[in-house]
Amino acid sequence: MKILSQDKDLIYRANQIKGMVRTQTARQSSIVFAGNMVSTLFSVVATVFIARTLGPINYGVLAIYLSIYTTILGLTDFGLGTTAVKLISENVEKNPHKANVFMRVIFFMEIISGLIVVAVGMVFSAPIAKSLGGDYLLFPVRMAFLAGAFASVGAF
C-alpha cells in the first residue's frame with residue numbers, strides 16, 4: 001500500500017512540474033535564461049579575443065581599470081538606487097510632490113558622491129598606480145575613478 005501511495009504522490013508531483021513548465025512565467029523565464037546564456041557566451045568569446053589582441057601587459061592594464069571601476073561603482077551607490085525605487089514608487093501616486101523631492105535629493109546625493117569619488121581619485125591615484133605596478137598606470141587609474149563616478153550618477 002505504501003508503494004502505491006508513493007507512486008500516486010510521484011505522479012502528482014510530476015503533474016505539478018508539468019503544469020509549472022507550461023505557464024507564461026516559466027516560458028518567459030526560459031527566454032531570459034537563454035538570453036543570459038548567449039550573452040555569457042559572447043562575453044567569453046570577447047574576453048578571449050581582447051586578451052589575445054592586447055597581449056599580457058595591456059590586458060593587465062585593462063583588468064586593473066575594470067577592477068577599480070567596478071569597485072568604485074559598488075562603493076558609490078550607498079543603497080541610493082534601491083532607496084529611490086522604494087520611496088519614489090510609494091509616493092508617486094499618493095503624493096507626487098513628495099516623490100519629486102525624494103528624486104531630487106537622491107539625485108543630488110548621487111552627484112555629490114560622484115564628485116567626492118573624483119576628488120579622492122585624483123588625490124590618491126598616483127599612490128594607487130605606484131602600488132599596482134608603476135607610474136604608467138596613472139592614466140588608467142584616474143580614468144577608472146572618473147568613469148566610476150559618472151557611471152554611478154548615470155545609473156540613477
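Modeller: The discussion below takes up charge pairing, helix packing and nonpolar cores in turn. This is a predicted model, in which local features need pLDDT of at least 70 and side-chain atom pairs count only at pLDDT 80 or more, while totals for chains, interfaces and linings use all residues. Residues are numbered from 1 along each chain as its sequence is written, and side-chain values use heavy atoms, with hydrogens and water left out.

Biologist: How many salt bridges does a search of the whole structure find?

Modeller: Side chains of opposite charge can pair when their charged atoms come close. The criterion for a salt bridge is a side-chain nitrogen of Lys or Arg within 4 Å of a carboxyl oxygen of Asp or Glu. The search of the whole structure finds one: Glu90 pairs with Lys86, and their closest N and O atoms are 2.7 Å apart. Both residues belong to helix H3 (residues 80–91) and are four residues apart, about one turn of the helix. Helices here are DSSP runs (H or I, at least four residues), numbered from the N terminus.

Biologist: How do the axes of helix H2 and helix H4 cross?

Modeller: Axes are lines fitted to C-alpha atoms, for helices over the stretch in contact, and angles run from 0 to 180 degrees between N-to-C directions. The axes of H2 (residues 24–76) and H4 (residues 96–132) come within 11 Å and cross at roughly 145 degrees. On the H2 side, Ile64, Ile68, Ile72 and Thr76 meet H4 residues including Val117 and Leu132, where contact means heavy atoms within 4.5 Å.

Biologist: Which residues make up the largest nonpolar core?

Modeller: In soluble globular proteins, nonpolar side chains tend to be buried together. A nonpolar core is a set of buried Ala, Val, Leu, Ile, Met, Phe, Trp, Tyr and Cys residues joined through side-chain atoms within 4.5 Å. The largest has eleven residues, among them Ile64, Val117 and Phe145. H2, H4 and helix H5 (138–155) each give two or more residues to this core. A second, separate core of five residues includes Leu80, Ala84, Ile88 and Ala99.

Biologist: What is Ile88 in contact with, leaving aside its neighbours within four places in sequence?

Modeller: With those neighbours set aside, Ile88 contacts Ala99, Phe102 and Met103. Ile88 is buried, with a relative accessible area of 17%.

Conventions:
Buried < 20%, exposed > 50% of the residue type's maximum accessible area, 1.4 Å probe, protein only.
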